[in-house]
Amino acid sequence: MADRLDLQLISAALRRLGWVRFWSQLVLAVVVLGVLMFNNIGGQIGARADKALGLSPGLSLTTFAFFILLWCLWQSWLVVRCGRALNSPVRPSKGETARLIKRGILADLVGLTLGVVGYQSLAGSLFFQASMQAGFAFGGVMTTPGGRITNYPITSLEMLSVLSNTQVVFAHLIGLWISLWLLQRVYRPSSN
C-alpha cells in the first residue's frame with residue numbers, strides 16, 4: 001500500500017476521523033430520533049385532517065434519511081476498524097480501504113438527497129400554510145362552506161420537524177466531507 005510511515009499516518013487518520021465521524025453523526029442521530037419521536041407521539045402532525053397540505057412526505061423522507069444515517073454510523077465503525085487493521089500484520093489493501101470509504105460516501109450522498117428533498121417538501125408545506133394565513137393562497141383568505149375563516153397556524157412542533165430534517169442533512173454532510181478527505185488521503189502518493 002505504502003511505506004511504513006505513510007501507512008501509520010493513514011491508519012491514524014482513519015481511526016481519528018472515523019471516530020469524529022462516528023460520534024458527530026451519533027449525536028445528531030440522537031437529536032433526530034428524539035425530534036421524530038416527539039413529532040410522532042406529541043402531535044401526529046402528518047395525520048391532521050384540517051391541513052391543506054400535510055408534512056407527512058417530508059417527515060417520511062427525513063425518516064428514511066435517518067435510517068441511512070444509522071447505516072453510516074456502522075460504516076464509520078468499519079472505518080475505525082480498518083484504521084486499526086492497517087497497523088496489524090494482516091492489513092486490508094488500498095482497494096478494500098477505498099471501497100469502504102466510497103460506500104460511506106455513496107450512503108451519505110443518498111441520505112443528503114433524501115434529506116434535501118424532504119426539506120423541500122417540509123418548507124413547501126409550511127410556506128403554503130403561511131401564505132394561507134396571510135391570504136396569499138387562492139386569492140384570499142380560505143373559508144369553509146359555512147363562511148367560517150379557516151386558519152392554519154404554523155406550530156412550533158412543525159418547525160421542530162424542519163429542525164430534525166436539517167440535523168439529518170448536517171450529519172450526512174459531516175460524513176461526506178470526512179469520507180472525501182479520507183479517500184483523498186488514501187490515494188495521496190507517499191512523500192519520500
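**Aromatic rings and cysteines in the predicted model**

Trp19, Phe22, Trp23 and Trp77 are joined by ring pairs into a cluster. Here, rings of Phe, Tyr and Trp (its six-membered ring) pair if their centres lie within 6.5 Å; planes under 30 degrees apart are stacked, over 60 edge-to-face, and the rest tilted. The model is predicted, so local features need pLDDT of at least 70 and side-chain atom pairs pLDDT 80 or more, while totals for chains, interfaces and linings use all residues. Residues are numbered from 1 along each chain as its sequence is written, and side-chain values use heavy atoms, leaving out hydrogens and water.

Altogether, the structure contains 6 aromatic pairs. One of them joins Phe66 and Phe67, with 5.8 Å from centre to centre and 55° between the planes, a tilted arrangement. Are these two residues buried, exposed or partly exposed? Phe66 is buried at a relative accessible area of 6%, whereas Phe67, at 49%, is partly exposed. Buried means under 20% relative accessible area, exposed over 50%, and partly exposed in between (1.4 Å probe, protein chains only).

Trp71 and Trp74 form a tilted pair because their ring centres are 6.1 Å apart and their planes meet at 55°. Both lie in helix H2 (residues 56–85), 3 residues apart, so about one helical turn separates them. Helices (H or I, at least four residues) are DSSP runs, numbered from the N terminus. Trp71 is partly exposed at 35% relative accessibility, and Trp74 is partly exposed at 45%.

Turning to the cysteines, Cys72 is buried at 0% relative accessibility, and Cys82 is buried at 9%. How many disulfides (pairs of cysteine sulfur atoms within 2.5 Å) does the whole structure hold? The search finds 0.

Notes: Disulfide = S-S within 2.5 Å. Helix = DSSP H or I, 4+ residues; strand = E, 2+ residues; numbered from the N terminus.
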